[in-house]
Amino acid sequence: MSVQQILDRFHTVASNPAKQKDAYLAAGKKVVLVAPIYTPEEIIHSMGLIPMGAWGGDIQIQKSKEYFPAFICSIIQSILEMGMRGTYKGASALVVPSLCDSLKCLGQNWKYAVTSIPFIPMTYPQNRRCGSAHDFIKAGYNRVISDLETAAGVRFDESALKQSNAVYNEHNAVMRRLDSELAGHPEVTAASRSDIFKSAWFMEKGEHTALVQELLQALENGKTGKPDNIPVMTTGILCDNPSLLSIFDKLKFHIVADDIAAESRQYRTDINMEGAPLDELADKFARMDNCSVLYDPDKKRAGLITSTARSRDAKGVVVVLTKFCDPEEFDYVIIKKACEAEGLPVLLIEVDRQMVDYAQAKTALETFKEVLTAR
Ligand code: SF4
C-alpha cells in the first residue's frame, strides 16, 4: 500500500471505533473497554480478549449530567454518556484505573448508570516505588484477572501473559520509531499523525504493529521536507479533535514530538522479559514516570518536555489542557517555567470534548505562529 492508503486505513479505524468494535464482536472476539490512562492491557490481551480504548468522544453531554457535576473533565463525562447511550454495547467489561479523582468517580457511577457492562477497578498505589508497592500493584492485577474471568468467561495463564508482554513491547518500540520518523515528515499532517496514535486504541496490538511497520517502510521511500512548516511539540492528555488538528494543519504547524497521554506517554516504558510475567508487569508500572497522574515530587516531566523539544528542534510547545483536569493544571505552571527558562515559547489551549467552536484556539495559534516565525 502507498503512504496515503495506509494513512486512510488508520483514519477509518480512528474515526469509527464502534464499527471496529462491532467487527471484532462479529468475528467472535470479546471486547474489554480500557479507560484512561494506564490500564494493564497486556493482561486483557493475554486472556484472548480485545482491549479497546474508552476515552469518550466529542459529543454533547446530556444523560451523564445526572451523575456528574459540570466541573469534571469531559473525557470522564463522555465515557459515561456513551455508555448510557449504548455506544459500547457488546463489550464484556470496562476496566478503570484509579489514577485521578475523576476516574475514581467514573467507576462508581458506571456501576449504576451502565448495568449491562461490568465495571472492573484497577487500584494503583500513589507511591508506586515504596517497598510494598509491588505487592499492591500485583494484588490489583489479580483482582482484574479474577473479575475478567467472571465477566468474560475466560481463564488467565501466565505463559500467555509472557507472549502478550512481548507483543506490547514490540508495539511500544514501533510507536517510538514512528514518533521519531514522523519528525522528519512534515507532509504527514497533524490529523494523520493523530489517526495513527488513536487507531492503536481500537486495534489488536499485533495488527497495529504490522500496519505501522508497513507505514514506516513506505515513508522510507517517500518524500520529506516542507521548509515553511513550523516544528512544535504538543503536551497534554488528549489532542485528537479534528477541528483543532485542522487548525494545526492550516497554519502549517508540524508536530515533531508529543507528550500526550493518549499518544507517546503510552509507549515509553517496556516490560522486562526475564522474570515472572505478572511481576514484570507490576515492575513496569513502578518504573513509569513523567506523567501528571504518576506521583513525582520532582516533576521531572517538565525537563523531559524541554529536552525532547530541543532534541527535535521544536520552536515552541503547545500545552493542550483538558478543561477541569486537575493533574494537568498543577503541572502547567511547572512546564511553563521550565520552557521559559529554556527560551522555548509556550502556548496554552484549553479544550473540552463538548467544544464545537475552536475560534479562540485558532486566534491563539495564529498569534503563536507569528511569535515563532519572528524569532
Ligand atoms: S483528563 Fe485529567 S481529570 Fe480527566 S481522567 Fe484524565 S487525568 Fe483524570
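**Reading the model**

Analyst: With 19 C-beta neighbours inside 10 Å, Phe324 counts as partly exposed, because a residue is buried if 20 or more other C-beta atoms lie within 10 Å of its own, exposed if 12 or fewer, and partly exposed in between, with C-beta atoms placed from the backbone. This is a predicted model, in which local features need pLDDT of at least 70 and side-chain atom pairs count only at pLDDT 80 or more, while totals for chains, interfaces and linings use all residues. Residues are numbered from 1 along each chain as its sequence is written.

User: Where does Phe324 lie, and what is its phi?

Analyst: Most residues other than glycine have a negative phi, and most peptide bonds are trans. Phe324 has a positive phi, near 70 degrees, and lies in the loop between S7 and helix H13 (326-341). Helices (H or I, at least four residues) and strands (E, at least two) are DSSP runs, numbered from the N terminus. Asp313 also has a positive phi, near 60 degrees; its place is the loop between helix H12 (301-311) and strand S7 (316-322).

User: Is Asp313 buried or exposed?

Analyst: Asp313 is exposed, since 11 other C-beta atoms lie within 10 Å.

User: Which residues does a cis peptide bond join?

Analyst: The cis bond joins Pro36 and Ile37, with omega about 0 degrees. Ile37 belongs to the loop between S1 and helix H3 (41-46).

User: How should I read the packing of H4 and H5?

Analyst: Axes are lines fitted to C-alpha atoms, for helices over the stretch in contact, and angles run from 0 to 180 degrees between N-to-C directions. Helix H4 (residues 74-85) and helix H5 (residues 101-113) have axes 10 Å apart, at an angle of about 15 degrees. H4 is therefore roughly parallel to H5 (angles under 35 degrees count as roughly parallel, over 145 as roughly antiparallel, 65 to 115 as roughly perpendicular and the rest as oblique). Residues in the contact include Ile76 and Leu80 of H4 and Leu106 and Trp110 of H5; two residues are in contact if their C-beta atoms, placed from the backbone, lie within 7 Å.

User: Which residues have the most contacts inside the largest nonpolar core?

Analyst: In soluble globular proteins, nonpolar side chains tend to be buried together. A nonpolar core is a set of buried Ala, Val, Leu, Ile, Met, Phe, Trp, Tyr and Cys residues joined through C-beta atoms within 7 Å. The largest has 112 residues, and those with the most contacts inside it are Val32, Leu33, Ala35, Ala93, Leu94, Val95 and Val317. Beyond its neighbours within four places in sequence, Val317 contacts residues including Val232, Ile305 and Leu344.
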